[in-house]
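Dear colleague,

Please find below the structure for your files. My findings follow directly after it.

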Amino acid sequence: MSLKPQNVTDYPNINTIFQVWKFKENLEIQDSFQRLCALVLNLNNSVVNRFPDSRASCIIGIGFEAWKRLGLKEPLPKELENFTEIKGDKHTAISTFGDLHFHFRADDYSICFDMAIEISKILTPVAESIEEIRGFKYWDNRSVLGFVDGTENPHGKDRDVFAIIGDEDVGYSGGSYLFVQKYLHNMDAWRGLSTEDQEKIIGRSKENDIEMSDEVKPDNSHIALANIGDDLKIVRDNMPFGRPSSNEFGTYFISYASSFSTTRKMLENMFVGNPKGNYDRILDFSTAKTGSLFFVPSKDLLDEFSG
Ligand code: HEM
């Protein structure tokens, strides 16, 4: 059965807000959650109608603990669990808590802002905000490290294939596994490298975004380790963020995948290394400060959840 997915395969937009929420203890949350699901469906319909060219959307992801506490559908999505940390010799992909994740996208920041306000009105009485990041398109889709990000993402129909669950988990088709990590970059150290050395860390040229040949590309470059094969892809929508006056610069890594094990395999390659010890050099300049897994139900399932 093909169910209507949330907007997980949309292309990156110019403005984004990411929010992570934690439900307060000992409170009745069912009613708020039902209203939230209805609101998400409503907001998406409304922005498409009001601003058809804005490519605006709002996506809700639900964490493992929230799913259980809310007593949502059983059995659970096959790979929904609390993310368990991945520890390499030098770097760790830590696991942090999150009950709900929101991903707001639009060309005009005002649209993201207003959608976030409506969601927050429902959630503030019953949940604490544990993260709110404003991401933006930096030049031609560059991360703050100065390299174009997103080039080898799947395109066209491949986006559906790699981001959306099909028949492999009956009951959850149209859904997706959302994994997020907030990275902070050591920009002083990064800027201290020559462009040539930075290129060896990413595996692509900086100015024109050309991939290095296999003979030249170092085994510990980011793309050598993150590329785990043509059949194992995810849809990424990373966004830069930062506060220059506080010397805080980061990348909000966000991915949608039809199977979480694909994302996890990439993380293992990056953090543990392949072979073990040959870890991703990007991590010497980028620290994962969060790491959480969420399930993004289809719009049809959200409709069921809305009561
Ligand atoms: C590729 C940046 C974290 C998976 C890239 C590229 C850049 C980049 C600049 C090359 C252009 C492209 O194809 O998109 C970053 C930054 C990160 C980060 C700044 C955070 C510090 C991650 C993580 C994963 C990942 C955590 C997986 C869990 C990938 C994949 C590719 C890629 C699959 C494409 C590889 C290929 O097939 O060539 N990333 N990335 N990235 N990244 Fe990341």
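The shell around the ligand draws at least two residues from each of β7 (176-185), α7 (222-226), β10 (248-257) and α8 (260-271). Helices here are DSSP runs of H or I with at least four residues, strands are E runs of at least two, and both are numbered from the N terminus. Among the 24 residues around the ligand, Glu-152, Ala-226, Asn-227, Met-266 and Ser-286 come nearest; a residue counts as near if its C-beta atom, placed from the backbone, lies within 6 Å of the molecule. By class, the shell holds 11 nonpolar, 10 polar and three charged residues, with Asp, Glu, Lys and Arg taken as charged, Ala, Val, Leu, Ile, Met, Phe, Trp, Tyr, Cys and Pro as nonpolar, and the others, including Gly, as polar.

This is a predicted model, in which local features need pLDDT of at least 70 and side-chain atom pairs count only at pLDDT 80 or more, while totals for chains, interfaces and linings use all residues. Residues are numbered from 1 along each chain as its sequence is written. The mean pLDDT (the predictor's confidence in each residue, from 0 to 100) is 98 for the protein, and 99% of its residues reach 70 or more. The model scores are ipTM 0.99 and pTM 0.98.

Overall, the protein has nine helices and 12 strands. Its C-alpha atoms occupy a box of roughly 55 × 40 × 40 Å along the principal axes. Of contacts between residues at least 6 apart in sequence, 77% join residues at least 24 apart, a contact being two C-beta atoms, placed from the backbone, within 7 Å.

Yours sincerely
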